[in-house]
Amino acid sequence: MSRYKGKPCYYCGNPAVGKEHVPAKQLFAAFECDSITVPGCATHNTDKTLIDQAFVSALLIPLNNGKGRYNLSDYVLKALSKAQPALEHTKKKVFSAAIIDTSNNPALKSLPLVSYTSLYLFDWMRQVTAGLIYDVIGEYDTSIDWNTSGSWSPSFIDSPTSRTYKAADLYEEFQLRSQFEQEILRGLKWFEGWSAKPRPYPKGIFRFQVHFEHREVLFRYRFYDQYSWYVAFQPSLQTLRKLWQKTLTHNLNL
Ligand SMILES: [Zn+2]
């Protein structure tokens with residue numbers, strides 16, 4: 001704990017109160033693996049709150065509801081089984097607090113991978129990315145404004161509390177997103193991301209890749225072998241160099 005206290009927070013640079021797991025350790029509750037950890041301030045050190053579990057549940061609930069529809073690996077089934085009590089708890093405690101909003105429209109249930117969530121999940125993905133960057137450079141890059149970095153998924157849209165979607169519009173929106181991912185994003189040059197040491201994160205639960213586009217960096221996450229999530233940002237040149245070195249070294253040693 002003391003190793004992190006007082007250091008700049010990985011996300012905002014304020015003094016840290018403790019360590020933050022990147023990504024949240026709740027993702028790996030069913031598995032034996034190590035963690036990437038960074039210093040986090042009171043706001044961005046979410047270990048002690050329900051928030052991390054809520055985000056993990058937000059990813060798991062659609063898979064749990066659609067078990068028969070998805071081709072889920074043994075890893076994911078194991079994670080789902082371990083998370084059952086938490087999923088119930090999250091529904092009661094967090095869904096009612098409107099952090100995550102779900103639709104009751106039965107027509108939407110036949111869509112392949114549809115989940116409503118509030119903007120918080122988009123921030124959560126930014127935080128994971130900020131944590132991984134801190135892990136590489138060992139400090140806080142003040143030139144990155146994480147709050148405005150791009151955060152996008154073909155499977156998640158923001159909450160209908162801020163906008164109401166009709167089922168047909170929603171279907172079209174997800175079709176477009178899927179097309180964009182397959183035709184544009186898939187064609188980019190992706191490098192494998194690194195993992196926790198010595199026991200890595202199970203790849204069937206969490207993995208990521210990195211794409212470099214001039215001064216910009218794009219992270220592509222894969223959760224439970226079902227969801228992709230993208231975060232785009234522009235680091236300082238110094239950070240970019242370190243990130244490039246880390247990624248290159250990792251990929252040469254694969
Ligand atoms: Zn912070």
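**View 1. The open sheet of five strands in the predicted model.** The strands are arranged in the order S4-S9-S8-S7-S6, and their pairing is antiparallel. Strand S4 (150-152) and strand S6 (191-192) form the edges, each pairing on one side only.

**View 2. The pairing of S4 with S9.** Strand S9 covers residues 227-233 and runs antiparallel to S4, to which three bridges join it. Within this pairing, Ser-151 stands opposite Val-231 in S9.

**View 3. Helix H1, residues 51-65.** The end C-alpha atoms of H1 are 21 Å apart; this agrees with expectation, because 15 residues at 1.5 Å a residue should span 21 Å.

View 4. The buried residues include Asp-52, Gln-53 and Ala-54. Phe-55, Val-56, Ser-57 and Ala-58 are buried as well.

**View 5. Two stretches with pLDDT below 50.** The chain has a mean pLDDT of 84, and 82% of its residues reach 70 or more. Over residues 93-103, however, pLDDT stays under 50; the model gives this stretch 24 contacts beyond four places in sequence. Residues 105-119 also have pLDDT below 50, with 34 contacts in the model beyond near neighbours in sequence. Where pLDDT is low, the predicted coordinates should not be read in detail.

How values were computed: Residues are numbered from 1 along each chain as its sequence is written. This is a predicted model: local features need pLDDT of at least 70, side-chain atom pairs count only at pLDDT 80 or more; totals for chains, interfaces and linings use all residues. Two strands pair if DSSP finds at least two bridges between them. Helices (H or I, at least four residues) and strands (E, at least two) are DSSP runs, numbered from the N terminus. pLDDT is the predictor's confidence in each residue, from 0 to 100. Two residues are in contact if their C-beta atoms, placed from the backbone, lie within 7 Å. The expected span of a helix is 1.5 Å times one less than its number of residues. A residue is buried if 20 or more other C-beta atoms lie within 10 Å of its own, exposed if 12 or fewer, and partly exposed in between; C-beta atoms are placed from the backbone.
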